There are 2 protein chains.
Amino acid sequence: MYANLVTPSVLVDLDVAEANIVRYQSYCDGHNLTLRPHIKTHKLPLLAKAQLDAGAVGITCQKISEAEAMISQGGIEDVFITYNIMGDDKLNCLRSLSQKVRLSVVADSEMVINGLAEAFADAQTPLAVLVECDTGARRCGVQQPEQAMALAVRIDAASGLKFGGLMTYPPAGATDAVQSWLSRAKALIEAGGIAVPVVSGGGSPDMWNAHLVPVVTEYRVGTYIYNDRSLVARGTCSLDDCALSVLATIVSMPTVNRAIIDAGSKVLTSDLLGFEDFGAVLGHPDIRIDQLSEEHGRMVSEQPLDLRVGDRVRIVPNHACVVSNMLDHVQLIRGSQLVAQSPVLARGKVW
Amino acid sequence: MYANLVTPSVLVDLDVAEANIVRYQSYCDGHNLTLRPHIKTHKLPLLAKAQLDAGAVGITCQKISEAEAMISQGGIEDVFITYNIMGDDKLNCLRSLSQKVRLSVVADSEMVINGLAEAFADAQTPLAVLVECDTGARRCGVQQPEQAMALAVRIDAASGLKFGGLMTYPPAGATDAVQSWLSRAKALIEAGGIAVPVVSGGGSPDMWNAHLVPVVTEYRVGTYIYNDRSLVARGTCSLDDCALSVLATIVSMPTVNRAIIDAGSKVLTSDLLGFEDFGAVLGHPDIRIDQLSEEHGRMVSEQPLDLRVGDRVRIVPNHACVVSNMLDHVQLIRGSQLVAQSPVLARGKVW
């Protein structure tokens, strides 16, 4: 299996990824939703371009350094950074990026808006700022539609900024509550004479129910391009739709029921996402990866393992996005063919 | 706090790290143990040299690419790779490294020994191979002292190899069982006329009890140089002995009891190590980091938080070693002074 590859390696099947891109773009097209993929899952300009070519309106990044890396190779013209950008270094960088691409950001406090307004006070093109709304996920975001309205007014009044709309990272499975929250905020803002050009929702778990929140005009989704074990468990996709896997070698077989692989938390990560083990071993449904240390993964089964030291296995991780962040390179494949090695250009971009 | 640093940043206090190095070296010196630090915790040649200067006999690496990175800057002459090295690429690399430094590795199966023997068949200096023993941690290693003896005989008979001794990564808190296992294996091997030059134990949780396993001649320990929240919880060190911390900025205060920081699992990692939250916020014992997504950390308290958007906090992570692996650079500090930025040279070396 990919005999020329040294293990552990992260494999990305382009055939599967491309099919995932097309399938979800079709869904969005069919429901009049614009699609703005989050590139955190792949961190590869190559795949961002494939998403844009298929019809995506632009990309989503979480951090400014991630956006910077993604646009460094050209071809990406519209970036939404769904993060409160603060501090002189980051604001200067934002200002500089805004001269290269169409840029939008979020804010959920006066403090963040003030920083953006100061940095863009004399900007030729105003920066689009969406208000982040906490519709139940209890992360960032204003708590009440009235607060969203107040911030929209503040953005609208700042000379270098323009109000770009509403953004939420919604809780899974709460479509009615999200619809109600965002509709009310939108109505309040419009009643004040301010247009709401975009209402941006997102999240892979609910991706096939995006149309059940009709106030949303644009959907952000990251994991859909690779999928992973967590989305298989939720019924969002099948194991065959998972484009990212980890190739590992069995380095030790201490007992008939235990095999140790050369991929640990430095590849698979400790993300559980509700599971009690660390990935699905393809072709071996009886095996559980019950323990990771940094460089070892422990595979156990109640049955004797039909494996030998030197054998290779492929693992679909619990969470694909975080695995993309662990290695400097991924191996691009199409089925059993190795196509190329690609640097993960936006890996490790945390600021 | 370190006003010039962009957040999130990983801070390493050299004063604290140096004190940790000296303290444990003194313990080992006092108990006639040679100390062989595992560099996985810091991945920095600078600190490996400090460990060697203090009296360490050499360093431990887990993977061959990690060893390669560590010796690339010179000054490191003795490396023990505590991993089953397999496959042509890695064996060729091992052979090449063995011409630059004094090298030893482990094996726990005939298969691994055969590969090593073939790669070193015509080597001028034989490769030292220690037999890895599973003394209860249930990861790699032979299961019975008799198996250790059989592999020692096999290594001893291979022309390019020499038997280097026994190695274990022991379970925490099982000193008597470990002593009994290793003593028996050592006696069996010696009874067969083969010397056992080194018995290598290790593990930070039991580091102050290393002398309670008198058969052990050499101790491998990684986390002790930085320490972390998990070792504070075990009573191995105090919070003041923790050299590594994460500097983060509060980017959102959605409610009086909730603050969001700009460090998520891409910095702090999802390693729990028995905790239910993701790090100790220095100076704020009431705060729990109860949730991480990739770029956000959620801090909650039952009391109103005395914090504002823009404030900075320092976090001692649950597990220091894995945090070292997340960013390309760490910030070296001494107390409140920023000393330098250092690349994490052996970051992401998984093969």
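Chain A holds an open sheet of eight strands in the order 2-9-8-7-6-5-4-3, with parallel pairing; strands here are DSSP runs (E, at least two residues; helices are H or I, at least four), numbered from the N terminus, and two of them pair if DSSP finds at least two bridges between them. This is a predicted model, where local features need pLDDT of at least 70, side-chain atom pairs count only at pLDDT 80 or more, and totals for chains, interfaces and linings use all residues. Residues are numbered from 1 along each chain as its sequence is written, chains are lettered from A and ligands numbered from 1 in the order in which they are written, and side-chain values use heavy atoms, with hydrogens and water left out.

**The sheet in chain A**
- Strand 2 (34-35) and strand 3 (59-61) of chain A sit at the edges, each pairing on one side only.
- Strand 2 of chain A runs parallel to strand 9 (residues 218-220) of chain A over two bridges, and A:Leu35 has A:Tyr219 as its bridge partner.
- Helix 7 (residues 175-191) of chain A lies across strands 6 (127-133), 7 (161-168) and 8 (198-202) of chain A, at about 160 degrees to strand 7 of chain A; the angle, on a scale from 0 to 180 degrees, is between N-to-C directions of lines fitted to C-alpha atoms, for helices over the stretch in contact.

**Where the chains meet**
- Chain B and chain A each put 58 residues into the contact, which means heavy atoms within 4.5 Å.
- About 4,600 Å² is buried between chain B and chain A, with 52% from carbon and sulfur atoms; this is the accessible area (1.4 Å probe) lost on putting the two parts together, summed over both.

**Salt bridges**
- The whole structure has 46 salt bridges over all chains, counted when a side-chain nitrogen of Lys or Arg is within 4 Å of a carboxyl oxygen of Asp or Glu.
- Across the interface of chain B and chain A there are 12, including B:Asp328 with A:Arg347 at 2.7 Å.
- A:Lys40 and B:Glu294 make a salt bridge at 2.9 Å, and B:Glu294 is buried at 9% relative accessibility (buried is under 20%, exposed over 50%, partly exposed in between; 1.4 Å probe, protein chains only).
- A:Asp262 and B:Lys90 pair up at 3.7 Å, and both are buried.

**Cysteines**
- There are zero disulfides over all chains, a disulfide being two cysteine sulfur atoms within 2.5 Å.
- The sulfur of A:Cys93 is 11 Å from the closest cysteine sulfur, in A:Cys61, so it's too far for a bond.
- B:Cys321 is in no disulfide either, with the nearest cysteine sulfur, in B:Cys242, 12 Å away.
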